[in-house]
Amino acid sequence: MTESVHRPAASTGQVWRDVVVLLLIPGVVAVVLAVTVAPSAPVALALLAAGLLAPTIAAVSVLRRRPRRVTTADRVTLLRVALTGVLAATAVLIHAEALPPRTWTLAVVIGLALVLDAVDGAVARYTRSSSTAGARLDMEADAAALFIVSIIAAATVGWWAVAIGLMRYLFVAASWVRPALRGELNYSLFRRSVAATQAVALFLALLPVVPAWMSGVILAIALTLLVASFGRDALTLERTES
């Protein structure tokens, strides 16, 4: 009896430790940036808020799980969310012109987030710990990272690049008006390939060695493919509904 009561408590304690780490990484980085780099108090407050937004949403999502459990794959995803928080704080400073829009440090952080995106799925399959909650967390982490990195890219190529990060959210918003868009889609290699292309394109566009004009071309091609992919899915769902 004692052992059965102790196990859930230990699991809950581990979840809280994971949440603390999730918030601590971007929180500490944001505070350091606010103190050392932010040009004004409003910018400092903005970067603190931006840095903790995605991690806080992810933390609430994890804490609301029943049973409350975090797998190894989830921890990889949560680390990616923490890095997204760091990137969000950096994005505020970039658009405040307190940091350059393309640096090798920034490229390394974005590259690490991309690697972790591939790792968490592999870990879930290897440990056989895939779950609906984990898949949802991974999907939202992907969307948040893409949105933040597209905001960073906008400082180099223009605000149109943010359309890359907004596309999924626009599709979800459209589904509120068109119920047909809420339907299930079959597996599509084209959709998967285009989704992977977006992250790689943003990474390449933000490398310091890539000319700004070429970054624009890379992202324009990626956005064209993304629009085609979402358009194709929308037509498929509309035809299925009718």
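In this predicted model, the axes of helix α5 (residues 132–157) and helix α6 (residues 162–177) come within 6 Å and cross at roughly 155°. Because of that angle, α5 is roughly antiparallel to α6.

**Helices α5 and α6**
- The crossing of α5 past α6 is left-handed.
- On the α5 side, the contact includes Met139, Phe147 and Ile151, while the α6 side includes Val162, Leu166 and Tyr169.
- Eleven nonpolar, two polar and two charged residues make up the contact of α5 with α6.

- Asp18 and Arg75 form a salt bridge in which the closest N and O atoms are 3.0 Å apart.
- Asp18 belongs to helix α1 (residues 2–36) and Arg75 to helix α3 (residues 72–95), so the pair ties together parts 57 residues apart in sequence.
- Asp18 is buried, at 12% relative accessibility, whereas Arg75 is partly exposed, at 31%.

- A salt bridge joins the side chains of Arg191 and Asp233, with an N to O distance of 2.9 Å.
- Since Arg191 lies in helix α7 (residues 189–205) and Asp233 in helix α8 (residues 212–241), the pair ties together parts 42 residues apart in sequence.
- Arg191 is partly exposed, with a relative accessible area of 23%, whereas Asp233 is buried, with 5%.

**Other salt bridges**
- Arg65 and Asp74 form a salt bridge, their closest N and O atoms being 2.7 Å apart.
- Arg65 counts as buried at 10% relative accessibility, and Asp74 counts as buried at 4%.
- A network of salt bridges links Arg80, Asp117, Asp120, Asp138 and Asp142.

Terms used
Residues numbered from 1 in each chain as written. Predicted model: local features only at pLDDT ≥ 70, side-chain atom pairs only at ≥ 80, totals over all residues. Heavy atoms only, no water. Axes fitted to C-alpha atoms, helices over the stretch in contact; angles between N-to-C directions. Helix = DSSP H or I, 4+ residues; strand = E, 2+ residues; numbered from the N terminus. Parallel < 35°, antiparallel > 145°, perpendicular 65-115°, else oblique. Left-handed = near helix turned anticlockwise from the far one by under 90°. Contact = heavy atoms within 4.5 Å. Nonpolar A, V, L, I, M, F, W, Y, C, P; charged D, E, K, R; others polar. Salt bridge = Lys/Arg side-chain N within 4 Å of Asp/Glu carboxyl O. Buried < 20%, exposed > 50% of the residue type's maximum accessible area, 1.4 Å probe, protein only.
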